[in-house]
Amino acid sequence: MFSLCSFLLAGLVCQSLGQYDYYEEYYVPSAPLEAILSPTCAQECECPISFPTAMFCNERNLKFIPIVPSGIKYLYLQNNYIKEIKAGVFDNVTDLRWLVLDNNNITSDKIQAGTIDKLGSLEKLLFSNNKLTKPPGPLSKSLDELNLVGNQLSSFPTNTLSGMENLTTLHLSKNKLTTESITGAFKGLKSLVLLDMSENKLKKLPAGVPPSLLMLYADNNDIDSIPNGYLAKLPALQYLRISNNKLADSGIAAGVFNVSSLLDLDLSFNKLKTIPEINEALEHLYLQANEINKFDLSNICKFSSPVNYSRLRTLRLDGNNLTHSSMPDDTSNCLRQASEIIFD
């Protein structure tokens with residue numbers, strides 16, 4: 001069990017790191033264990049002999065989805081000019097597992113009833129960079145990954161993800177979602193580990209996120225405050241990104257980041273004047289491009305001793321009103337594990 005969880009976390013982190021460009025990597029699952037006869041392939045697409053349950057229709061200048069033959073479980077349709085999902089295209093593959101529709105021109109009103117909602121075994125729905133104004137649905141309860149990055153979502157009905165207890169990864173960045181529009185949207189998501197809400201119109205961090213969450217990304221919004229106890233409700237959270245927002249000292253509750261689970265905290269490109277109080281367990285702290293003018297060591301280490309010191313490895317303070325000479329005398333004892341402290 002430990003190795004499986006470690007593998008899942010490592011994959012999600014690798015997908016998300018790199019301060020912090022989002023990129024998409026299309027991947028192919030291991031060939032199915034079950035032995036089946038190769039299905040008849042749509043003439044516009046390719047069905048490799050080595051992977052007979054997959055149909056690759058990506059980058060074919062398609063304007064429509066071809067009828068998918070029975071036996072196909074992994075369908076790749078990204079990078080085309082598809083504008084609609086017509087009734088009947090998935091009638092032969094109601095047990096489809098993966099559906100990749102990224103980088104097309106599909107609008108919400110052109111998704112016919114009885115298409116996506118028929119796919120009761122769907123595990124991954126990748127729908128980024130289309131023209132959706134609302135999430136598709138109803139969605140399969142077996143879904144573990146939903147990617148709606150780069151659409152035009154301005155609303156997210158509370159029942160959209162109802163009953164989706166297997167969902168682990170939810171990408172909603174680069175939309176037009178507000179704090180009010182996502183109220184109640186995450187209720188009941190017992191397995192969610194990654195939620196990406198960056199590049200929307202949030203004024204607050206999302207409410208009601210499940211305690212299972214490991215990674216929360218809310219960069220490039222209009223967030224100006226973090227209430228007391230917010231992170232205490234997320235005991236598994238390790239990665240939190242709130243860069244490029246409107247955070248000032250007055251909007252951050254005292255000690256809100258002083259939680260032992262957090263390993264990586266990005267508060268860069270905000271309006272902070274002081275280093276916020278953090279827990280000694282934090283390993284990476286990004287504070288570049290704020291207005292910090294004092295190196296308050298007590299917010300990093302309450303006191304230093306052979307067993308009490310910060311686990312910080314990375315501390316970025318460039319783009320502030322600080323220099324190396326701003327560091328107090330006891331900094332080396334507190335930050336004894338730091339391999340990178342950047343001032344300019």
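Predicted model: local features only at pLDDT ≥ 70, side-chain atom pairs only at ≥ 80, totals over all residues.

Q: What share of the 344 residues is buried?
A: Buried residues make up 50% of them.

Q: And the contacts, what percentage join residues at least 24 apart?
A: That's 49%, taken among contacts between residues at least 6 apart in sequence.

Q: Let's do cysteines. How many disulfides does the structure hold?
A: There are 3 disulfides. Counting bonded cysteines along the chain, the pattern is 1-3, 2-4, 5-6.

Q: Take C41 then. Which residue does a disulfide join it to?
A: C41 is joined to C47, with 2.2 Å from S to S. The link of C41 and C47 is right-handed, with 80° about the S-S bond.

Q: Is C41 buried or partly exposed?
A: C41 is partly exposed, at a relative accessible area of 26%.

Q: And what does C45 pair with?
A: C45 bonds to C57, S to S 2.0 Å. That link is right-handed too, with 105° about the S-S bond. C45 sits in the loop between helix 1 (2-16) and strand 1 (54-56), while C57 is in the loop between strand 1 and strand 2 (74-76), so the pair ties together parts 12 residues apart in sequence.

Q: How accessible are C45 and C57?
A: C45 has 11% relative accessibility and counts as buried. C57 is at 0%, so C57 counts as buried as well.

Q: What about C301, where's its partner?
A: The partner is C334, with the sulfurs 2.0 Å apart. The torsion about the S-S bond of C301 and C334 is about 85°, so this disulfide is right-handed. C301 lies in the loop between strand 11 (284-286) and strand 12 (314-316) and C334 in helix 2 (residues 331-334), so the pair ties together parts that are 33 residues apart in sequence.

Q: Are C301 and C334 buried or exposed?
A: C301 is buried, with a relative accessible area of 5%. C334 counts as buried at 0% relative accessibility.

Q: Changing topic: which residues touch the most other members in the largest nonpolar core?
A: F90, L99 and F186, in a core of 87 residues. Leaving out residues up to four places away in sequence, F90 touches I65, V68, L75, I85, L99, T115, I116 and L119. Apart from that core lies another one of 8 residues, including F51, F56, Y76 and V100.

Q: I've also got L143 picked out. Where is it?
A: L143 is in the loop between strand 4 (124-126) and strand 5 (145-147). At 1% relative accessibility, L143 counts as buried.

Q: What does L143 touch?
A: Not counting residues up to four places away in sequence, L143 touches L122, E123, K124, L125, M164, N166 and L167.

Q: On to charges. How many salt bridges are there?
A: The structure holds 9 salt bridges. One of them is K118 with D91, whose closest N and O atoms are 2.9 Å apart. K118 is in the loop between strand 3 (98-100) and strand 4 and D91 in the loop between strand 2 and strand 3, so the pair ties together parts 27 residues apart in sequence.

Q: How accessible are K118 and D91?
A: K118 is partly exposed at 39% relative accessible area, and D91 is partly exposed at 40%.

Q: And which residue does K124 form a salt bridge with?
A: D144, with the closest N and O atoms 3.0 Å apart. K124 is in strand 4 and D144 in the loop between strand 4 and strand 5, 20 residues apart. K124 counts as buried, with 15% relative accessibility. K124, D144 and E145 are linked in a network of salt bridges.

Q: Last one: what about D222?
A: D222 forms a salt bridge with K246, the closest N and O atoms being 3.7 Å apart. D222 is in the loop between strand 8 (215-217) and strand 9 (239-241), and K246 in the loop between strand 9 and strand 10 (264-266), 24 residues apart. D222 is partly exposed at 28% relative accessible area, and K246 is partly exposed at 45%.

Note on methods:
Residues numbered from 1 in each chain as written. Heavy atoms only, no water. Buried < 20%, exposed > 50% of the residue type's maximum accessible area, 1.4 Å probe, protein only. Contact = heavy atoms within 4.5 Å. Disulfide = S-S within 2.5 Å. Helix = DSSP H or I, 4+ residues; strand = E, 2+ residues; numbered from the N terminus. Core = buried A, V, L, I, M, F, W, Y, C linked by side-chain atoms within 4.5 Å. Salt bridge = Lys/Arg side-chain N within 4 Å of Asp/Glu carboxyl O.
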